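Here is a briefing on how parts of this structure pack against one another. Please look at the sequence and model first.

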Amino acid sequence: MTLKNSSEEKTVGVVGLGSFGTAIARMLAEKNPVVAYARRADLVDEINQNHSIDGQPVSENIIATQDPEMLCKSCEILFFMVPSSAFQEVVRAFSPYLYPYHIIIHGTKGLCLNLPNGKSLSDMKVISRENILTMSEVILKETVVVRVGCLAGPNLAKELSKGQPAATVVASKYNEVIHQGQNLLRSDKFQVYGNSDIIGVELSGVLKNIIAIASGALAGLGLGENAKGLLISRGMVELIYLGNALGGSLKSFVGLAGIGDLVTTCNSTLSRNYTVGYRLAQGESLETIQNTMSEVAEGINTVRLMKTFVEGTGMRAPITENLYKVLFEDLLIEDALQYLMKYPFSVDVDFL
Amino acid sequence: MTDDYIKHKYDPILPQKDEWPVVKLSKSRKEFVKSVAEASKKRILGLTGGNVAVLKEELETTLYREKLRIKQNPWAVDPDDDYEFWNNVKGSLLQLSADISTPKIEKKKKYIAILDEITMRYAEEIASNFKHTHYKFTRSIITSGFARLLNAARVKGIKRLFSNQYSLQDKIQTIGETEQLRDLASKGTIIMVPTHFSNLDSILIGWIISVLGLPPFIYGAGLNLFNIDIFAYFMNSLGAYKVDRRKKNLPYLETLKTYSSEAIQFGVHSLFFPGGTRSRSGKIESKLKLGLLSTAIEAQRANYQKGINDISGKVFIVPVTINYHFVLEAPSLIKEYLSITGQERYYAESDEFSTSYKISKFLFKFFTKGSDISVSVGKAMDVLGHYVDKDGNSMDKNGRTIETRDYFISNGEVNLDTQREEEYTNRLGNRIVEEFHIINRVFSSHLVAFTAFQMIKKQNKKLDLFNLLRLPEEDIVLDYEEFKQEVQRVLDQIFELKANNKIHVAPHLRRGIDEIISHGLDNVGMYHAKRPLVKNSEGNIITEDMSLLYFYHNRLDGYDLEKLF
């Protein structure tokens, strides 16, 4: 533990330098020294020698490493900004060096599967809540760290990097984690709210990606703003039902991480998930889209997982189910849309 | 944990009674009570944030409730000067609030002085009165008395009065991590958390503790039990401190928690029934009362703050399950449970109940006939729910040693964060529930009750629980062959759970299926007037009391076994 007594100057760890990870590292470096973990050796060298990330200059406050042990030793607070597909693996790599005094805040809007050994999603007829892990649950399962939090909200990395105003939610069961997150991140341009329902906030960020893909598809078909309004509000209802079934509270879904993020991602060409939907509607196949995107669109995996979960519970989630068919079973978007238009939604709001 | 019974004579871990923490505590009782009163005063002042108006309001509320209690619900055990004391408090409070001439700082001091008196009184009232001579006497009564009864019933002839052929240990079997418990008890502080199904539990656990050679544990006992002199004597001698459920005011609750926390810090082993009261439904506790549990975490942190970082300051949580074929109070417990959960959907039928007669009849039957009890001692955990090794070091899932102290560190120092400790308490509660399910031992009686109830439920899919329980018993018959098949399926699943270390089973479940069933039928609720399950003359299975069947069935709740049906 270096610098343990100067709360002003403590070193903060950032694990993963994707676009969001980089944006967060930049913001943290405004106040504190940052040690960043990257997998690419050339990126580590670039940061340490040129103080830049992929050619964009960054603060000299950021140093990079490929060594989990070094990072864990120099920081008490770590931000994990790794895509869900690699999350478990990275957490396991860090686990031997993490101690109970560490605090982890993650910013990953995806889910992990927790299946019996040797099984994959296609082997399972149904999956239940225990088979699904949010990222905070992955951390709790794999490490001895219990003071865990998450970051969620309308935070498009490109806008953050430009220094445009935004806000986020730090959610944790522990007030101290929220306070630490607020102290480290808050600035004139960045507001930080707290929420104790970490599961609800994580799920908001995860589930809204489904709706974002659908919204991109509507835009790709050129269907106009009325349709989008319809989609967002019905999407919200679906999000709340799924979120409740997974253990989140209604309050979080109508907050910044829920509605706030939903509105942003459903309207922005900067969103990866939105882009997936948009390009699908333009006639590209899922495979080409995935192969040409530089970063992961979490929504695709989420749709697959949630569709299996929904089948196991006997719930109905029309948007998710139809999106699944579009993504993986070659249903035409137009047909999916027709189906949704005919679906007997009778009540507008029945969850409040 | 092995499934084997441990019948073994243990030497006391501390042969000299003067070394017993509880004896040390009773010797310095006066100073201890004082320090508890002082610490709880500080806590309350902390909670009121040093605000005089808030403190005044708390004091007034306390006074109001106490006066109400004296008037509406007085007990024999209440001190004679109760009325007088609270009248004086009233006087002082009135005088202070009318007084406008005294400066604020003076006034605050006077309010604190009143609080001081109250916490001192409460601390004195709560404190246990452990006396070693009484303890020895009580212990010998329990062991020798029960052993006499046991031998009188089993050994024939004149010898029976003196025979030591059967001891209580044949009757009550202990399994599990007893050696670890003894080890850790000699080095650190133990908090034992047993499941609670019967009033017999506290005596049973007290006896087990002494058989294992451990010094006595202190535990909170309802003040109502102290109303009766003879009980008061036993309770005191077993190291009980008093918990008055009538007093719900802030100073009392804080003093109570402080007492427990300070005693743990003093190094006295404690016993908490974390379910709070006996399990009404027959299910293993799944929601725990966290008030007392939080004092374990608090004491652990306080020890670290004092710089005691080695094992002598470490607090160990040891879950214990008590496994019965038969719970004496089952009929009244389940009735209470159903009338609370079912409300108007459940009408209790009247039933004459003569407790003392039933208890003596039960005790006699218990010692003269079968029905064994087993006590499973679980692995010790630290206050965060991590298992510990034989030297008391906490370990993570991969066997790496970790420091419990690190969980209380923020910015490099151990600090107090009540919100954090609340969350840790929830966590610990969940871990204890998990452990209960793991160390729980399945008996044949649980197995047959579970299977039979689920079969009946399946045959009457459309009925809710309350209608199901109201089915006329004479209409329910389970075909023996079918029943046998279903029992086998449940048993297979239980063994699969066991292979994954999620449950334990009694050795008698390794017999043939017919033998298991008949063992189960013979034992399930064996002394109730109406038996939960019996074989009828055609050899099929019938029930005489659905509610009781439900009660014994609940023991296997929480393992997803109902999905088999």
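Helices α2(B) and α5(B) cross in a right-handed sense. A crossing is right-handed if the near helix is turned clockwise from the far one by less than a right angle, and left-handed if anticlockwise. This is a predicted model: local features need pLDDT of at least 70, side-chain atom pairs count only at pLDDT 80 or more, and totals for chains, interfaces and linings use all residues. Residues are numbered from 1 along each chain as its sequence is written, with chains lettered from A and ligands numbered from 1 in the order in which they are written.

**Helix pair α2 and α5, chain B**

- Helix α2 (residues 29-47) of chain B packs on helix α5 (residues 104-126) of chain B at about 130°, with the axes 8 Å apart.
- Axes are lines fitted to C-alpha atoms, for helices over the stretch in contact, and angles run from 0 to 180 degrees between N-to-C directions.
- The angle therefore makes α2(B) oblique to α5(B); oblique is what remains after roughly parallel (under 35 degrees), roughly antiparallel (over 145) and roughly perpendicular (65 to 115).
- From α2(B) come B:Val33, B:Val36, B:Ala37, B:Ser40, B:Lys41 and B:Ile44; from α5(B) come B:Leu115, B:Asp116, B:Thr119, B:Met120, B:Ala123 and B:Glu124.
- Residues are in contact if their C-beta atoms, placed from the backbone, lie within 7 Å.
- This contact has seven nonpolar, two polar and three charged residues.
- Ala, Val, Leu, Ile, Met, Phe, Trp, Tyr, Cys and Pro count as nonpolar, Asp, Glu, Lys and Arg as charged, and the others, Gly among them, as polar.

**Helix pair α12 and α15, chain B**

- Helix α12 (residues 290-305) of chain B meets helix α15 (residues 418-439) of chain B at about 115°, with axes 9 Å apart.
- Their crossing is right-handed.
- On α12(B), the contact residues include B:Leu290, B:Ile297 and B:Arg301; on α15(B), they include B:Glu421, B:Tyr424 and B:Leu428.

**Domains of chain A**

- Chain A splits into domain 1 (7-196) and domain 2 (200-342), with bounds from an automatic or database domain assignment.
- The domain centres, taken over C-alpha atoms, are 24 Å apart.
- Each of the two domains gives 30 residues to their contact.
- On the domain 1 side, β11(A) gives the largest share, three residues.
- That side has 17 nonpolar, ten polar and three charged residues.
- Helices (H or I, at least four residues) and strands (E, at least two) are DSSP runs, numbered from the N terminus.

**Chain A with chain B**

- Chain A gives 13 residues to the contact and chain B gives 14.
- The chain A side has seven nonpolar, three polar and three charged residues.
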